[in-house]
Amino acid sequence: MSLQSSRTPFDAAANRAVSAELKGLTVGQKKAIWAWVFLALPIVFYVVIRFYPTVSAFAISFTDWNILGEKSFVGIENYSRLVQDRVFWKVLINTLLYGVIGLPVSLVLSFVIAYYLDQVRFMHGFIRALYFVPFLTTAAAMGWVWRWFYQPSPVGVFNLILVDFGFSQQPFLRSTTQALPAVLAPAVWAGLGFQVVIFLAGLRAIPSTYYEAAKIDGAGAWRILREITLPLLKPTTVFLVVISTIGFLRIFDQVFNITNQGDGGPLNATKPIVLYIFETAFDSSDMGYATAQTVILFLLLLVITLLQLWYLRKK
Amino acid sequence: MTAEAISTPYTEASERLNRPLLRPSKVLMWSVLMVGGLLMVLPFIFMLSTSFKFNNEIYELSLLPKEPTLSNYLFLFEETQFFRWFVNSLLIATATTVSVLFFDSLVGYTLAKFKFRGQTFIFIAILSTLMIPTEMLVIPWFLLSKDLGWLDSYWGIMFPGMMTGFGTFLMKQFFESVPDDFLDAARIDGLNEFQIWWEVAMPLVKPALAALAIFVFLGNWTAFLWPLIVTNTESLYTIPVGFASFSGEFTTDWELIMTGATVATIPTLVIFILFQKFIIRGVMLTGLKG
């Protein structure tokens with residue numbers, strides 16, 4: 001376009017002449033016009049692709065609709081149905097279990113790794129990369145890799161190792177009690193590197209003068225950790241708690257790919273809310289009921305975000 | 001540890017003078033971290049090595065195939081649509097990344113460097129979209145795509161991700177650090193506002209653009225839920241969706257599934273190896289901002 005031409009003095013002068021023709025406008029007003037020109041398309045995008053669908057999700061949740069027929073308004077029927085739906089409660093508990101187990105396990109592991117890795121210089125970058133790499137992988141692909149690991153002997157790696165060391169085989173994905181942790185493990189594995197890197201950044205941000213002062217005062221490593229490192233690391237920890245909790249509550253790819261037929265089995269033992277939403281909407285075409293579930297998920301995540309904001313505001 | 005607790009500044013200094021190069025506790029710490037790190041990548045090693053094995057060898061835990069073979073890869077590329085899915089993903093992730101870089105930085109720049117009525121409102125509105133989970137939007141997106149005929153098309157897969165609140169927020173932060181003097185100088189030179197953004201401001205935030213590009217590309221490369229919903233025709237699958245459907249079909253042919261997983265994962269690993277420093281710095285940057 002005219003991108004190149006304006007580089008010459010002549011065109012610059014012409015440009016100025018054109019600008020002068022927008023007479024009566026102050027520089028500020030002209031800039032405001034540019035701003036709205038820049039924002040025009042993005043505003044359309046955010047309205048059509050973000051806000052309208054959000055409102056529409058709420059609206060559909062008050063209807064009974066199988067996509068093909070007419071929508072009929074049913075008030076809060078979908079929500080009262082949720083309360084009575086045993087599968088939904090099961091799914092909700094599973095979802096919370098993913099968060100309640102996944103969060104502390106991953107956070108403690110990643111903190112310990114970051115805490116010690118921070119003190120290591122030799123091959124620091126390489127070791128950090130080893131922990132970080134799983135974070136970048138396709139969850140669907142890794143789901144199948146772990147699914148293979150969990151197979152009974154002689155196929156699955158875990159059972160082969162267990163048998164080699166003289167332990168008994170474990171059912172893993174076939175057991176209603178072991179399946180959920182088994183599905184969670186690759187999610188923790190994949191997210192660990194991210195948490196480690198964020199913790200490392202947080203640790204790096206603590207001024208070394210604090211540590212020097214503490215050492216001069218004769219504080220031991222344990223006391224320094226408890227009284228300096230952990231308190232100063234709190235913003236980092238809060239950030240990770242929120243991000244990771246939200247991540248675990250939204251788990252889907254792993255479950256869909258690890259469990260047989262992607263059904264969140266055995267007997268719904270691993271089914272998270274997102275998978276239930278997916279099935280309700282796209283297997284049963286029960287759009288009203290499915291969107292009601294998405295509203296519950298939204299509220300769940302909102303509470304966590306608001307808790308974070310409230311906590312940060314408090315400081 | 002206890003030695004440190006009782007150390008005075010004096011012993012501390014003398015310790016530094018003749019500190020042994022390798023303290024046993026440090027060596028132990030390093031080794032544990034290293035072993036842990038190797039365990040972290042063990043799944044990849046198994047995946048990679050199995051992809052070069054014949055079916056009769058996959059029950060052995062050996063990491064080096066006895067008779068390495070490319071037959072799994074040949075099967076994947078000749079008998080299935082893996083190559084097509086790979087290309088689909090590449091096109092979709094690239095196009096989405098270009099769009100996000102353009103629009104997120106344009107909006108971020110406008111919010112950072114212009115003063116106009118309604119500015120705060122727009123910023124908060126865009127920021128608030130971060131609170132809405134994708135899972136809540138997929139059903140309305142699906143219905144919208146159905147009404148507009150976008151199901152089963154590249155555009156249908158791409159449109160939800162063409163702009164992001166996160167990228168806008170990130171770019172706004174970076175443009176705020178660009179000095180106004182630079183922009184005013186360009187204004188005096190007669191550049192219009194679009195040129196000032198594109199020719200003056202954009203080159204100054206290249207590192208941020210690069211970081212954003214990598215994250216958006218990887219995010220789209222690995223995206224699963226929405227492509228799974230919006231595509232129905234096999235030839236339009238992205239690689240994660242195609243891989244999942246392929247694996248569901250060949251559900252016990254682990255050597256083929258591992259080959260598919262390798263094909264799906266390799267590009268992300270290559271990107272990581274090439275841009276490692278950038279990616280880690282980018283994660284630290286965005287993480288600390290949160």
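Predicted model: local features only at pLDDT ≥ 70, side-chain atom pairs only at ≥ 80, totals over all residues.

Guide: Nine residues of domain 1 of chain B are in contact with seven residues of domain 2 of chain B.

Visitor: Which elements give two or more residues to the domain 1 side there?
Guide: Those are α3 (24-51) and α4 (71-79) of chain B. The most comes from α3(B), which gives four residues.

Visitor: And how do the residues on that side divide by class?
Guide: On the side of domain 1 of chain B that touches domain 2, there are four nonpolar, four polar and one charged.

Visitor: Where do the two domains of chain B run?
Guide: The domain assignment puts domain 1 of chain B at 2-73 and domain 2 at 80-289. Their centres, taken over C-alpha atoms, are separated by 34 Å.

Visitor: OK, what about chain A, how is that divided?
Guide: Chain A has domain 1 at 5-60 and domain 2 at 80-314. For this chain, 42 Å separate the two domain centres, again over C-alpha atoms.

Visitor: How many helices and strands does chain A have?
Guide: Chain A has 14 helices and two strands.

Visitor: Is chain A compact or spread out?
Guide: Chain A is more spread out than a compact globule, because its radius of gyration is 27 Å, well over the 20 Å that the globule rule gives for 315 residues. Along the principal axes, the C-alpha atoms of chain A fill a box of roughly 85 × 75 × 40 Å.

Visitor: Now the two chains together. How many residues of chain B are in contact with chain A?
Guide: On the chain B side there are 76 residues, in contact with 77 residues of chain A. The largest share of the chain B side, 15 residues, comes from helix α15 (residues 254-289) of chain B.

Visitor: What classes of residue make up that chain B side?
Guide: The residues of chain B that touch chain A divide into 55 nonpolar, 15 polar and six charged.

Visitor: Switching to helix packing: at what angle do α10 and α11 of chain B pack?
Guide: Helix α10 (residues 180-188) and helix α11 (residues 193-204) of chain B pack at about 135°, and their axes are 10 Å apart. The two helices are therefore oblique to each other. The crossing of α10(B) past α11(B) is right-handed.

Visitor: Which residues make that contact?
Guide: From α10(B) they are Phe182(B), Leu183(B), Ala186(B) and Arg187(B), and α11(B) brings Ile196(B), Val200(B) and Ala201(B). By class, the contact of α10(B) with α11(B) has six nonpolar, no polar and one charged residues.

Visitor: Back to chain A's backbone. Is the peptide bond from Ser153(A) to Pro154(A) cis or trans?
Guide: The bond from Ser153(A) to Pro154(A) is cis, with omega near 5°. Pro154(A) sits in the loop between α6 (139-149) and α7 (157-164) of chain A.
Guide: The peptide bond from Gly265(A) to Pro266(A) is cis too, with omega near 0°. Look for Pro266(A) in the loop between α12 (253-258) and α13 (273-282) of chain A.

Visitor: And is phi of Ile67(A) positive or negative?
Guide: Phi of Ile67(A) is positive, near 75°. Ile67(A) lies in the loop between β1 (63-64) and β2 (72-73) of chain A.

Visitor: Why point those out?
Guide: Because most residues other than glycine have a negative phi, and most peptide bonds are trans.

Methods. Residues numbered from 1 in each chain as written. Chains lettered and ligands numbered in written order. Axes fitted to C-alpha atoms, helices over the stretch in contact; angles between N-to-C directions. Parallel < 35°, antiparallel > 145°, perpendicular 65-115°, else oblique. Left-handed = near helix turned anticlockwise from the far one by under 90°. Contact = placed C-beta atoms within 7 Å. Nonpolar A, V, L, I, M, F, W, Y, C, P; charged D, E, K, R; others polar. Domains from an automatic or database assignment. Rg over C-alpha atoms; globule rule 2.2 N^0.38 Å.
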